[in-house]
Amino acid sequence: MKRLYFATISILISTAVFAQYEYRDSNRIGISFGVNQFTLNTNDFQTKPGTGWNGGLSMRGNYYNNWDMVYSMHFSENNFSVVTDSGFITEETNYKLSSAQISLLLSYKIIENHLSFEFGPLVQVNGKLKINSIDESNIISGTTLLAKDIVDISTFNFFPVIGITAGVRHVRLNVSYQYGINNMLGNLNNKNFGVDFKGNPGILNGNLIIYL
């Protein structure tokens with residue numbers, strides 16, 4: 001994941017520098033950071049959304065008439081919780097998910113430099129879910145599974161994305177929503193738990209973008 005991160009950052013910066021040299025008013029590098037709310041949509045156990053963070057780089061450039069193209073790569077830490085039983089106590093066990101995302105979005109300029117609507121595809125590379133060691137033996141409510149049994153999720157996920165970006169020329173706020181098409185829990189179906197697991201992530205993002 002680190003190699004992918006540095007390679008993509010290098011490509012983005014190199015491409016953006018060249019583009020800025022040729023079209024200084026049309027292309028710009030964006031540095032973004034913000035928060036996300038991650039929801040795991042599944043009927044196999046009870047989940048609750050959690051709050052995490054985002055950070056990354058993007059390049060916005062003219063594409064055609066009122067359309068821009070936005071290339072970006074972000075790193076995220078996502079959080080959600082699962083209802084578990086620890087002894088006679090019911091509690092929420094928190095799961096962390098580290099991921100890298102690469103997206104290519106079309107952006108329709110509603111108001112030049114102030115308001116635009118974006119949509120397009122995004123690919124996410126996931127690590128394994130992480131939980132506190134003291135929670136690993138908690139039993140997931142309504143199942144016979146331990147909390148540690150579900151950490152090995154699918155490595156890749158594909159998301160359609162829609163969003164709005166608003167602000168001024170150099171500082172803008174982006175709000176977007178992405179829904180995972182692939183089954184995030186698909187790896188668990190190879191572990192002979194006797195359950196056909198299915199879960200799709202939904203992520204609401206709010207990012208501040210500073211354009212250079």
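Me: Which residue in β5 stands opposite Gln101?
Reply: Gln124 stands opposite Gln101. The model in which this pair is found is a predicted one.

Me: How do you know that β4 and strand β5 pair, and in what sense do they run?
Reply: Two strands count as paired if there are at least two bridges between them. β4 and strand β5 (residues 115-126) have ten bridges, in the antiparallel sense. Ten meets the cut-off of at least two, so the strands pair.

Me: What makes β3 and β4 a pair?
Reply: Strand β3 (residues 67-86) and strand β4 (residues 89-111) are joined by 20 bridges and run antiparallel. The rule asks for at least two bridges, so β3 and β4 pair as well. Within this pairing, Asp85 stands opposite Thr90 in β4. The hairpin of β3 and β4 has two residues between the strands, and Gly87 there takes a positive phi near 70°.

Me: What makes the phi of Asn113 worth noting?
Reply: Most residues other than glycine have a negative phi. Asn113 is a residue other than glycine, yet its phi is positive, near 65°. Asn113 lies in the loop between β4 and β5, and the hairpin of these strands has three residues between them.

Me: Where is Asn65 found? Why is Asn65 called exposed?
Reply: Asn65 is found in the loop between β2 and β3. Exposed means over 50% relative accessible area. Asn65 has 60% relative accessibility, so Asn65 counts as exposed. Asn65 also has a positive phi, about 50°, although it is not a glycine.

Me: Why is Thr84 called buried?
Reply: Buried means under 20% relative accessible area. The value for Thr84 is 0%, so Thr84 is buried. Thr84 has its place in strand β3. Not counting residues up to four places away in sequence, Thr84 touches Ile89, Thr90, Glu91, Thr93, Asn138, Ile139, Ile140 and Ser141. In the protein, buried residues make up 44% of the 212 residues.

Me: Which residues lie nearest the centre of the largest cavity? How many of its lining residues are polar?
Reply: The largest cavity is lined by 24 residues, and Ser72, His74, Leu105, Asn174 and Asn207 lie nearest its centre. Elements that give two or more residues to this lining are β2 (47-64), β3, β4, β5, β7 (156-167), β8 (171-179) and β9 (199-211). The lining has 15 polar, seven nonpolar and two charged residues.

Me: How many helices and strands does the protein have?
Reply: The protein has one helix and nine strands. From the N terminus on, the order is α-β-β-β-β-β-β-β-β-β. Of the contacts with a separation of 6 or more, 65% join residues 24 or more positions apart.

Me: Over which residues does pLDDT stay under 50?
Reply: Residues 4-25 stay under 50 in pLDDT, which is the predictor's confidence from 0 to 100. The model has 24 contacts beyond four places in sequence for residues 4-25. The mean pLDDT of the protein is 88, and 88% of its residues reach 70 or more.

Conventions
Residues are numbered from 1 along each chain as its sequence is written. This is a predicted model: local features need pLDDT of at least 70, side-chain atom pairs count only at pLDDT 80 or more; totals for chains, interfaces and linings use all residues. Side-chain values use heavy atoms; hydrogens and water are left out. Helices (H or I, at least four residues) and strands (E, at least two) are DSSP runs, numbered from the N terminus. Contact means heavy atoms within 4.5 Å. On a 1 Å grid over the protein atoms alone, a cavity is a set of points where a 1.4 Å probe fits but cannot get out, and a pocket is an open set with protein on both sides within 12 Å along at least five of seven lines; lining residues have an atom within 4 Å of a point. Ala, Val, Leu, Ile, Met, Phe, Trp, Tyr, Cys and Pro count as nonpolar, Asp, Glu, Lys and Arg as charged, and the others, Gly among them, as polar. Buried means under 20% relative accessible area, exposed over 50%, partly exposed in between (1.4 Å probe, protein chains only).
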